[in-house]
Amino acid sequence: MLNGARGSTRVSDGTRRRLQQVAADLGYVPSRPAQTLRTRQSRVVGLLTGSLENPFFARMVSLCSEELERGGYDVVLAVRRSDEPTDLHLLRALNSRQLDGILLWSETSSEVRERVQRPDMATTVVMGYRIPCRASVSGDLEVGVREAMRHLVAGGCRRIAYFALDLAIRREGDPRHDVYCDEVTARGLAPHVITYDGLAFDVGAARECGERLASGRGPLPDALLCFNDVAAMGALMGLRRQGVRIPDDIALVGCDDLPLAAELDVPLTSIAYPLGEMCRTAVDLLLERVQAAEGLAALPPCHVLLPTELRIRASSVPKPPPTVGELAERRPAAPRRPHPRREP
């Protein structure tokens, strides 16, 4: 009764309300350990993500936590530090706490993906990529990258480069890079990959790379397809510091469509990753599996692939040449000649 259940018919509504008021006055809260012993559920879910210095993961934590709290679950957060080569130890720590389930986005692929497939992790949902034997949900980056490439080519770009941190290229499974190479090769061109040392949220490293690109010898690319919005913002700042005009000299396309992308002084074209829908879907998949496990059942693995879309803004759309009428409006007015004066 005090935990919100209404299964008893022995207590009237009036008595229930009076007891709940007394409990509130005394500051009573239900004992989570006691509930766990009775129901064999902790009502706590683990969430493993990349560094929260990356705004993409910070928003993911906010969205997932909101959905879980709405469903009556608390969240234990495990965050991989930027200097850690793997997050396997974080996954093991979460699993040892006997949580009801785990939501997982791992950027260190092989060891973690193997561990997640073991039988003791049946109530785990993977975000961001597909994995055998487990429920997962991700955005279809292939569609978004191909749409971005078609948009750039239609705008007259022929020398399109892929701009990313070196770690993203070396890391297993970067679909943006792979699709970019396919698209460029299909047009009979050689891929041009520009990399820099740093992290996914290191806008300063991307800016320095953009400055080096602009100050180097040889022709500049017509366009940069960037690993994420942070890389695109860094490239934007670095190129403009060297006098490169965006998008007249180089068009830019980012990925993720962070809220800041549309607010820049040159609004950023970006591949919109369906982060909100992904978090809602992942939580739904997880709670379905938690409830099934409570009834000693098991749901089959599934993968939900969510669509991405290209949000076109000023960074990839050069301004058309001015019309004759616009040129006339810009032409300064001729100075007024003074009227001749007659003197007596």
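Start by selecting Arg 80 and Glu 84: a polar atom of the Arg 80 side chain lies 2.8 Å from the backbone oxygen of Glu 84. A polar contact is a pair of N or O atoms within 3.5 Å; within protein, one must be able to donate a hydrogen and the other to accept it, and residues adjacent in sequence count only if both atoms are side-chain atoms.

Before you go on, note that this is a predicted model, where local features need pLDDT of at least 70, side-chain atom pairs count only at pLDDT 80 or more, and totals for chains, interfaces and linings use all residues. Residues are numbered from 1 along each chain as its sequence is written, and side-chain values use heavy atoms, leaving out hydrogens and water.

Stay with Arg 80. You will find Arg 80 in the loop between β2 (74-79) and α4 (88-95); helices (H or I, at least four residues) and strands (E, at least two) are DSSP runs, numbered from the N terminus. Is Arg 80 buried or exposed? Arg 80 is buried, with a relative accessible area of 12% (buried means under 20%, exposed over 50%, partly exposed in between, with a 1.4 Å probe and protein chains only).

Next, select the cysteines Cys 64 and Cys 279. The structure holds zero disulfides, a disulfide being a pair of cysteine sulfur atoms within 2.5 Å. The closest cysteine sulfur to that of Cys 64 is in Cys 279, 3.5 Å away, which is too far for a bond. Cys 64 is buried at 0% relative accessibility, whereas Cys 133 is partly exposed at 46%.
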